[in-house]
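Me: I would like to learn how to read a model feature by feature. Can we take it in short steps?

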Amino acid sequence: MMRKFDVKQLVICIVAVLAPRFCVAEVYPLVPVVFMTGFLSGVNRSLLFLCSIGGLLALAPVRVLAKYGLILILLTLLVTAAEWYFHRCRTYAAAIMTGVLTAGVRIIWQEPGITGVSAVVTGVLEGVFVSGAVFLCTRLSFMFLDWEPQGKMPLPVYVQGSERLNHYADSFSRLSKTFTQMNRYKDDFTAEELSRMQNEVAGTLCVSCDRCFACWEAEDAPMYQILYRFLQSVQRGEDADESAGALREHCICTEEMHRQVMRVFEKAHLNLSWYNRLQENRDAIAQQLNAMAYIMEDCAKNEQDVTASEGKLTAQIRFCLKEWGIEFESLRILKKSGDKLEISMQAHTRGKRCVSVKELAAQFSRAADRIFVPAKDSRALLGEKQTRLVFPETTRLTANYGVAKAVREGEQVSGDNFSFQMLDDGRCVMSVSDGMGSGCGACKESEMVIDLIEKFMEAGFRPDLALRMMNSAMVTHGENNLFSTIDLTCIDMDSGMAQIYKIGAAATFVRHGSSVECIEDHSMPTGVFMSQQPACREVQIEDGDFVIMVTDGVLEHLYTENTGETVSDIIRGIDTGNPSRFAREVLEQILLFTGGRVRDDMTVLVAGLWNR
């Protein structure tokens, strides 16, 4: 692409003017070197040619002007013809043409006093020097043109609205804290509530009794203490008949009193359950508000344009584009979350030719020592039509998965569901859910859990926050009292660090070469209670490791002393690098232990991870 004229181009033009001052044995090698370097680097070609000829006029003898002027003219014609015919001119090809042409003119145009073998040797040496210098200086020129002093680098500009998003996030966070502070869960009744229950019982039953005055209004009437102790004993769950002994001695309506107390307690327990349910709903709202605050803060961390600060990378990309005969209107390097880079450009090829976008990403990766891939839904080929291309930096590891399932005997569908996601932020998320029971009902519950997890993770939530959000949704859902387990593994595909979360789920196995690590946790399924906190276990994943996730049906019917060790031995003995075959072989060997019986839904999810 033709660059706009700037100070750096002026510097190269000045060097072209001064190039004839460098002379060794009547040889002026810098003249073709500087000219071809600027010619290939995108310097204004007309101005560069005039500056080169002007320098020869001012600083070199007439014969040198004639010889090197001829070289410059021929080089311009040859490179321009190559670009017209092939729609590009590679740097090495231009360097070879420059060296050959310089040597040829040197040999044919013999200097006075240099003849025969001396002319040939001198010409060849000059041609070799010019070729090497053009190839090296062209790359350096691209870096020079894209280099920016540290003090002049522009500050990152963020998208408008990020400050407002931060204010909204702060407001949601404060509102979440307010809801959390409002929560006061109650496990039992306070003394004040017992007194109110006592007054309710006495006001309902004793006010119409003939002995009310003797029981309650006499100075030495013990009824208050007796009824209060009876309420306390009922509250503690003690036997009502034994606790009512003192009550029978002072009250002629003991049986009616006992029924009235139990009725009041039943109503109080119902109110207590509804009160705690209200607190759970407040907890759910607080968690959801907190999650909204997190997402808003994450959205406010906008991508930064680091094109100026990444001058070396920009120069390498521009050099690759020139080599492939691609012209671009805009080129930006953006820094995404996690310090990942993304190349964005508007480009097209010269003439009616196409370039593989995948191969272009590979060229960028080799030039930048980073791994770039074409964006999802990107075009496969770049042609003469202007096209926007995006190349995000990808991760060090890649993953493939396979799954094997068996449906419980007598059922049509499995109550297990699974998910495998490769997220844009470089995380791999594997999740397995086992619905309580079997059949369609269990399948719907586990499907709802997996669907929620997928949506939360795609939205950018952290795994622990996504699990808490999902759990709060399941608590408030509460339909038919069906619950599901959740087993979630989140792998950072750059560092290889895997975070394993379990809520009522079976063990997860990680195979490192010939060793197998078993990760277990004992907890209740999702949706049982609001304050459930998922435990996290971290495991380092390396090239060639496998992560194996299973449901309860795989482990519960092995009838061995240590089911985890049995499955570990099975996994250790499997010799395949195909995750789908790996999962099938695990399930087949499990069925050998059960005699082919499937007494519960079985699911085996296997992921293999390798370096790219």
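Me: Which side chains meet in a salt bridge at 2.6 Å, N to O?

Reply: Side chains of opposite charge can pair when their charged atoms come close. The cut-off used here is a side-chain nitrogen of Lys or Arg within 4 Å of a carboxyl oxygen of Asp or Glu. The pair you ask about is Asp569 and Arg572. They are separated by about one helical turn, because they sit three residues apart in helix H19 (residues 563-572). Helices are DSSP runs of H or I with at least four residues, strands are runs of E with at least two, and both are numbered from the N terminus.

Me: What should I know about the model before going on?

Reply: It is predicted, so local features need pLDDT of at least 70 and side-chain atom pairs count only at pLDDT 80 or more, while totals for chains, interfaces and linings use all residues. Residues are numbered from 1 along each chain as its sequence is written, and side-chain values use heavy atoms, with hydrogens and water left out.

Me: Are Asp569 and Arg572 buried or partly exposed?

Reply: Buried means under 20% relative accessible area, exposed means over 50%, and partly exposed lies in between (1.4 Å probe, protein chains only). Asp569 has 40% relative accessibility, so it counts as partly exposed. Arg572 is partly exposed as well, at 34%.

Me: How many salt bridges does the structure hold?

Reply: There are 13. One of them joins Glu393 and Arg370, with the closest N and O atoms 2.9 Å apart. This pair links distant parts of the chain, 23 residues apart. Glu393 is in the loop between strand S6 (387-392) and strand S7 (397-406). Arg370 is in the loop between helix H15 (357-368) and strand S5 (381-382). Glu393 is buried, at 16% relative accessibility. Arg370 is partly exposed, at 29%.

Me: Which residue forms a salt bridge with Arg581?

Reply: Glu585 does, with the closest N and O atoms 3.0 Å apart. Both residues lie in helix H20 (residues 579-593), four residues apart, or about one turn of the helix. Glu585 is buried, with a relative accessible area of 18%. Arg581 has 43%, so it counts as partly exposed.

Me: How do I check the length of a helix?

Reply: Compare its span with the expected one, which is 1.5 Å times one less than its number of residues. Helix H2 (residues 30-41) has 12 residues. From first C-alpha to last, H2 reaches 16 Å, close to the 16 Å expected.

Me: Why is H2 described as largely enclosed by the rest of the structure?

Reply: Because 11 of its 12 residues are buried. Among them are Val31, Pro32, Phe35, Met36 and Phe39. After H2 comes Gly42, with a positive phi near 100 degrees.

Me: Which side chain reaches the backbone oxygen of Ser41?

Reply: A polar contact is a pair of N or O atoms within 3.5 Å; within protein, one must be able to donate a hydrogen and the other to accept it, and residues adjacent in sequence count only if both atoms are side-chain atoms. Here the side chain of Arg318 reaches that oxygen at 3.1 Å. Arg318 belongs to helix H14 (residues 311-323). Arg318 is buried, with 6% relative accessible area.

Me: Where is Arg408, and what does it touch?

Reply: Arg408 is in the loop between S7 and strand S8 (416-422). Contact means heavy atoms within 4.5 Å. Leaving out residues up to four places away in sequence, Arg408 touches Ser438, Val598, Arg599, Asp600 and Asp601. Its side chain reaches the backbone oxygen of Arg599 at 3.3 Å. Arg408 is partly exposed, at 33% relative accessible area.

Me: What do the totals say?

Reply: The protein chain has 20 helices and 16 strands. Buried residues make up 47% of its 612 residues. Among contacts between residues at least 6 apart in sequence, 72% join residues at least 24 apart.
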